[in-house]
Amino acid sequence: MVDVEKKMIGFLAFMAEEVLTNLKKLTRKRYEQMITELVHKRDVTRKMGQYKDMDIKDFKWCYYMRYYLEAGESDRQKRVKVRMGNSEFIYGHEYLGITDKLVQTPLTDKCYFTLTQAMHLRMGGAPFGPAGTGKTESVKALGCNLCRFVLVFNCDENFNDNAMGRIFIGLCQVGAWGCFDEFNRLEEKILSAVSQQILVIQTGLREKRKAINLKERIVNLSPNMGAFVTMNPGYAGRSNLPENLKQLFRQMAMIKPDSVLIAQVMLFSQGFKSAEELSGKVVALFELCADQLSSQPHYDFGLRSLKSVLNSAGNLKRKILSEGAGEEAHSQEEEQKIILRSFSDTVVPKLISEDNPLLKSLIIGVFPNSNVPPITDPELLGFLKEECDARFLLSTNESFIEKVLQLNQILKLAHGVMLVGPTGCGKTAAWKALLASLNKLEKA
């Protein structure tokens with residue numbers, strides 16, 4: 001076990017160096033996927049090394065997902081089987097492309113184990129918990145590990161039993177997995193009708209039927225078909241699942257993700273050498289912001305926002321290295337500055353002016369002797385001040401200029417941007433001034 005772990009650590013260090021080089025987009029994504037996967041394998045190897053005299057039938061070994069090549073007389077008869085617990089699945093060989101790799105934490109392993117046991121019993125899986133805890137992503141990642149096509153449907157009040165029936169008919173025939181996001185947003189009368197459809201499908205799977213009668217139609221039933229639902233209990237406008245529907249799904253609570261481990265793996269895959277030290281600080285900063293800043297409807301300090309900051313930090317580091325930075329770019333101080341620069345680009349523009357002083361004190365508390373670097377663009381700034389004078393806007397108003405520069409930075413990172421604020425605060429004036437300034441800059 002020790003030798004295996006050393007080889008993994010050496011391979012991870014090699015890939016962390018390679019991911020910072022000038023790679024093609026798809027090649028870099030492959031490296032990031034391999035790093036994410038290897039970090040989980042390294043952690044599992046360390047855990048396995050703590051046990052002695054372990055048998056292949058022990059629960060500690062069966063708890064994790066394993067791949068086996070089943071021998072056959074010819075190459076065509078050889079099959080890859082995936083085992084987890086007492087469940088066994090034939091590898092799907094579905095082409096899914098290079099998708100984003102989910103960071104596997106202990107919570108993810110529990111979710112995988114619960115869902116695979118549900119599939120083994122021909123039941124459905126129902127992860128539940130607040131938004132941003134990885135419920136839907138875990139279902140999609142499990143499907144990717146088994147090489148099954150997963151279709152996600154966002155349930156709303158427009159869904160009825162006929163629409164759900166048509167979806168189930170398609171899933172049964174092609175053998176895909178259906179993940180119904182926020183399933184408890186459906187009305188209770190629709191949930192009761194849907195439960196009958198799901199019961200017919202699960203009964204057919206348990207009895208290994210080739211076809212079932214669904215919505216007064218004879219439908220071919222693939223043994224690979226699976227149905228999963230995700231729920232946010234306690235939210236406004238959510239229904240309680242009927243008891244006959246609860247019995248068809250194996251539930252899995254996903255309340256709080258392991259943000260520190262996720263941040264550590266993401267930073268490691270982006271080439272940050274001090275990922276272990278920085279991950280705890282970044283997560284602590286996000287938690288402090290969520291607790292102490294004012295409550296605004298557009299604020300988000302959850303996992304999605306954290307992921308965007310870390311991805312932006314990776315792009316910044318690669319840009320700095322491409323400009324000829326030396327080994328000092330890998331020091332903890334420089335990597336800390338890159339994280340704060342990314343935080344300034346992605347999170348600070350969302351804050352209202354009253355929260356800015358408090359944010360500065362929070363950053364100093366987490367990252368001593370540091371501050372949020374302001375967004376600067378000397379080339380654009382001159383044209384922007386000219387445009388403000390031409391439109392009779394106060395070009396000396398530093399806060400307005402700063403907001404326009406922040407808008408420009410956000411547009412570089414996101415496809416769509418929403419400007420929020422009270423009437424008359426300059427939302428329309430800001431984007432019009434920025435558009436005119438960018439046109440002048442392009443012609444210059």
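Predicted model: local features only at pLDDT ≥ 70, side-chain atom pairs only at ≥ 80, totals over all residues.
Leucine 411 sits in helix H15, which runs over residues 398–413. Leucine 411 has a relative accessible area of 41%. That value makes leucine 411 partly exposed, because it falls between the 20% and 50% cut-offs.

**Glutamine 117**

Glutamine 117 belongs to helix H4, residues 106–120. Its relative accessibility is 13%, so glutamine 117 counts as buried. Which residues does glutamine 117 touch, not counting residues up to four places away in sequence? They are Met84, Gly85, Asn86, Ser87 and Arg250. Glutamate 88 is 29 residues from glutamine 117 in sequence. In space, the two lie 9.3 Å apart, C-alpha to C-alpha.

**The cysteines**

How many disulfides does the structure hold? The count is zero. A disulfide needs two cysteine sulfur atoms within 2.5 Å. For cysteine 172, the nearest cysteine sulfur belongs to cysteine 179 and is 16 Å away. For cysteine 179, the nearest is that of cysteine 155, at 8.8 Å. Cysteine 172 is buried, and cysteine 179 also counts as buried.

The table lists relative accessible areas.

| Residue | Relative accessible area | Class |
|---|---|---|
| Leucine 411 | 41% | partly exposed |
| Glutamine 117 | 13% | buried |
| Cysteine 172 | 0% | buried |
| Cysteine 179 | 0% | buried |

Methods
Residues numbered from 1 in each chain as written. Heavy atoms only, no water. Helix = DSSP H or I, 4+ residues; strand = E, 2+ residues; numbered from the N terminus. Buried < 20%, exposed > 50% of the residue type's maximum accessible area, 1.4 Å probe, protein only. Contact = heavy atoms within 4.5 Å.
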